[in-house]
Amino acid sequence: RAHYHGQAWNAAEPARAPVRWPWLLAAGAAAALVTFGLTRWLAPAAPAASAKSVHVSIALPPGYELGSSQLTPISIAHDGSRIAFVGLKDGKNRIFVRALDEPEARPLEGTEGGDGPFFSPDGQWIGFFADGKLRKVTVNGAAVQTLAEAAAHRGGDWGDDGFLYFAPTNIGSIWRVPESGGAATEYTHFDAAAGEISHRWPHRVAGTDALLFSVWTGPGDDEHHVALQSAAAQPHRLLVTGGNAPQYAAGAGRLLYTRRGQLLSVPWQPSQPDLGRAVPVAAREQPRDGVGNEGCGNFSVSDDGTLAYLLGGGTQNDQSLVWIDRAGAATTLPLPQRAYENVAVSPDGKRAVVQTREAFTRLWVYEFSRGTLTPVGPATVSSQSGLWSADGSRLIFRGTRQGTRNLYWIAADGSA
């Protein structure tokens, strides 16, 4: 069931979206027109009278919830005519396809356990990941084929050059494989001097040899960047420092990417080596891009600028810490809301080590008796997943240092 709203619809009013609609499609009925928020930048100043923008909310099939929301569970076809998404039921994923001129989504046979869908340029095939493999299937759910190994994928895209580009792991580079099958080859390479640890979320710009992707030098927001590479033999260069999940709306001539839960848009052409003096603008539509999503952005844009995205944006920094006692009573700790992630209580129960996501991921020690939160460890590199030593005197954590992840420990009081 689709619901259409007028151009004055406000995406910031969550009460208008039924709870069972966890994502929203913002469709433009005229070329280069998108939603109300994006139309202000992408559409002509005086659009034709016949041009309009609409919002379409689509309900998931009965009994299903959205699956794999940390691994881009939604994709829109290049021509904006179809969407694909991941549905979860009884603990098992399945990929669905919905043509926008049809009333219901259809499950695709052979996609059980799948996630991360993306369309072929002609819209007749869908690439996806399942059981540690990169696969493809027709939009009618026939002819499933396995193309490559992808043990812990971080996204894929189907280029118009006859290759599928994909990140097979969360600690590797971008690879590509022929759409007809064959050997996969490494396409991007780490810049060791820059401390790169992951290339992910590839996006091949149609009609060009440009590949956009995310570069990570660590888990913090300031350690995620948008990169551009024009050929396999060439090094990549950074377009954006502090950004994730780049995609390009060719008809509108705009680069879209996310940062700290915001969807940003900036004018750019693939022939440009950088963004020049262009200033990114925050979109009115804010995808759910919160803690733990691996930087996927949770949006997809077609060539003409039609935007599909998950509802629920702006939630990244409104986490609270809550203590639940043995009787099940919950008490919110007296701390400001932040992007809290991992928490581990000390062996004596008097303290907790807390991880926050910021420019860098930080570790803090919370003292229950005093209600204080004290940072531990360096502030200019990322530290994660803190655990206590058996006697509570030390913290053991994973640190990212100059392109290498390793285990470290530090005194729990922050002393040397």
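Predicted model: local features only at pLDDT ≥ 70, side-chain atom pairs only at ≥ 80, totals over all residues.
## Overall make-up

The protein chain has 416 residues, and 51% of them count as buried. Its secondary structure consists of one helix and 35 strands.

Among contacts with a separation of 6 or more, 43% link residues 24 or more positions apart.

## The sheet β9 to β12

Strands pair through backbone hydrogen bonds in a sheet, in either a parallel or an antiparallel way. Here, four strands make up an open sheet with antiparallel pairing, in the order β9-β10-β11-β12. The edges are β9 (115-119) and β12 (145-149); each has a single partner strand, so one side of each has no neighbour in the sheet. On average, and with direction ignored, neighbouring strands of this sheet are turned by 25° against each other.

Strand β10 spans residues 125-130 and pairs with β9 in the antiparallel sense over three bridges. Asp 115 has Phe 129 of β10 as its bridge partner.

## The setting of Ser 300

Ser 300 belongs to strand β25, which covers residues 299-301. With a relative accessible area of 6%, Ser 300 counts as buried because the cut-off is under 20%.

Leaving aside residues up to four places away in sequence, Ser 300 touches Ile 74, Ser 75, Ile 76, Gln 247, Thr 306, Leu 307 and Ala 308. For Ile 76, the backbone nitrogen is 3.0 Å from a polar atom of the Ser 300 side chain.

Notes
Residues numbered from 1 in each chain as written. Heavy atoms only, no water. Helix = DSSP H or I, 4+ residues; strand = E, 2+ residues; numbered from the N terminus. Buried < 20%, exposed > 50% of the residue type's maximum accessible area, 1.4 Å probe, protein only. Contact = heavy atoms within 4.5 Å. Pairing = 2+ DSSP bridges. Axes fitted to C-alpha atoms, helices over the stretch in contact; angles between N-to-C directions. Polar contact = N/O pair within 3.5 Å; in protein donor to acceptor, adjacent residues only side chain to side chain.
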